[in-house]
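Please consult the sequence and the structure shown here while reading.

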Amino acid sequence: MNTHPPETPTVPTIPQPVMPGVQRFVLCGAALALGILGLHFGKALLIPLALAALLAFALDPAVNWLESRRLPRGLAVGAVMALTIAALLGAAAVATVQVGELGQELPTHRQNIQKKLRELRPALTPSGTTREMTRLMDMVSREFETATHAFEPAGSTKPKVQQVAVETRSGSARAIDLVMRVGVQLATVALVLILAVIMLLQRAELRDRLLRLLGGDTERMAEALAESGRRVSRYLTAQLMVNLGYGVPMALGLWFIGVPGAWLWGGLATVLRFVPYLGPALGAVMPLVLAFAVDPGWSMVLWTLGLIATLELISNNVVEPLAYGNSTGVLPLAVLVSAAFWALLWGPVGLVLATPLTVCLVVMGRHLAPLRFLDVLFSSAPRRAMMRRTVSAPSYTPR
């Protein structure tokens, strides 16, 4: 007789799927690489969309202000877009007039340019040490070429490169090419304006569709989108005011100094300051070149250089800290890295979009647990505040 108690059946345990760290790293790297490739090869479509979204963010406060005055949203969007297009056309007309006047004045300043270049020639002539180093490098290069040719077989002769006459294109073909390029640019501008109008008119519907597409915690995602929109709109408004506060005094100062095309260079400086790091330097080049060409002496160049340096010091150290404050919430190093990344992907347009896109990513990382590393890496919030946000953040459970 079996006296042993009956064995209780053991319930098989289902192993929980655990993703190893290496596999998770590989999958994240592959997803990041695919995303970068998509951004690069889809830039023909994504750049107009991004520019339209940027314009919609910039104009949304004005539309909301008109809507708060009991104006229907459609009329508010129409009024704001009409004013924007009128401002763009007015700026283009002023720029065209200024360029025409410069084209007529520049040939008269040729003698000043030649005289100053002759004056600068002794300073640009290399010194004795530099000249001897140049000769030494040339001698080494010639000896290296001679030694290379000595090892070639005796019968081997390099075929002579035949000069092929390039057929010059006719004037009509070049005109057609120019018209096509201008037409493409105008069509892109029109597409950006149309997309911006649609985004402003259907803001709530587009937001709801995006929330349904992303899924997950809808409330936190809606809060993140709303904060992103507020931060980007505030940043763009402040940047527009700062750039106008730089461009208008620059135009007035250049006009007072006597530099031709003063309003053209002031407007160009206003627009170029939307491009971080590179834009202010490009905006200062042409006024200095024209001051060099116009004045027989050097006083206009010095006055122009002093004006630009004064405006840069005031704008960088006084106006921008007061206007921006902590409106972006992004580290300066993160802005620099983001500018380099988007410039490599999308060129000059990427430089313009770098800071707004980084602001959106930081806000998303603040509200969404899977993107928390973006907030930790790029946010300019104090360390204790970030630790409190990390500790108090709810655990993320995928649905």
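## Helices α8 and α13

Helices α8 and α13 are roughly antiparallel to each other, a term for angles over 145 degrees, whereas under 35 counts as roughly parallel, 65 to 115 as roughly perpendicular and the rest as oblique. Their axes come within 9 Å and cross at roughly 150 degrees. Axes are lines fitted to C-alpha atoms, for helices over the stretch in contact, and angles run from 0 to 180 degrees between N-to-C directions. Helices (H or I, at least four residues) and strands (E, at least two) are DSSP runs, numbered from the N terminus. The model is predicted: local features need pLDDT of at least 70, side-chain atom pairs count only at pLDDT 80 or more, and totals for chains, interfaces and linings use all residues. Residues are numbered from 1 along each chain as its sequence is written, and side-chain values use heavy atoms, with hydrogens and water left out.

The crossing of α8 and α13 is right-handed; a crossing is right-handed if the near helix is turned clockwise from the far one by less than a right angle, and left-handed if anticlockwise. Residues of α8 in this contact (heavy atoms within 4.5 Å) include Arg220, Glu223, Arg231 and Tyr235, and those of α13 include Thr355, Val359, Arg366 and His367. The contact of α8 with α13 comprises 11 nonpolar, three polar and five charged residues. Here Ala, Val, Leu, Ile, Met, Phe, Trp, Tyr, Cys and Pro count as nonpolar, Asp, Glu, Lys and Arg as charged, and the others, Gly among them, as polar.

## Helices α8 and α9

Helix α8 (residues 218–257) also packs with helix α9 (residues 262–272): their axes come within 8 Å and cross at roughly 160 degrees. That angle makes α8 roughly antiparallel to α9. Among the residues in contact are Tyr246, Met250 and Trp255 of α8, together with Trp263, Trp265 and Ala269 of α9. This contact of α8 with α9 has 11 nonpolar, four polar and no charged residues.

## Helices α2 and α3

Helix α2 (residues 43–68) and helix α3 (residues 73–105) pack at about 135 degrees, with their axes 9 Å apart. At that angle, α2 is oblique to α3. Their crossing is right-handed.

## The cavity

The structure holds one cavity of 30 Å³ or more. On a 1 Å grid over the protein atoms alone, a cavity is a set of points where a 1.4 Å probe fits but cannot get out, and lining residues have an atom within 4 Å of a point. Grid points are joined across faces, edges and corners, and a volume is the space filled by probe spheres set on the points.

Tyr246, Ala269, Arg273 and Glu312 are among the residues lining the largest cavity. Helix α10 gives the most to this lining, with four residues. By class, the lining has five nonpolar, two polar and two charged residues.

How values were computed: 1 Å grid on protein atoms, 1.4 Å probe; cavity = no way out; pocket = protein on both sides within 12 Å on 5 of 7 lines; lining within 4 Å.
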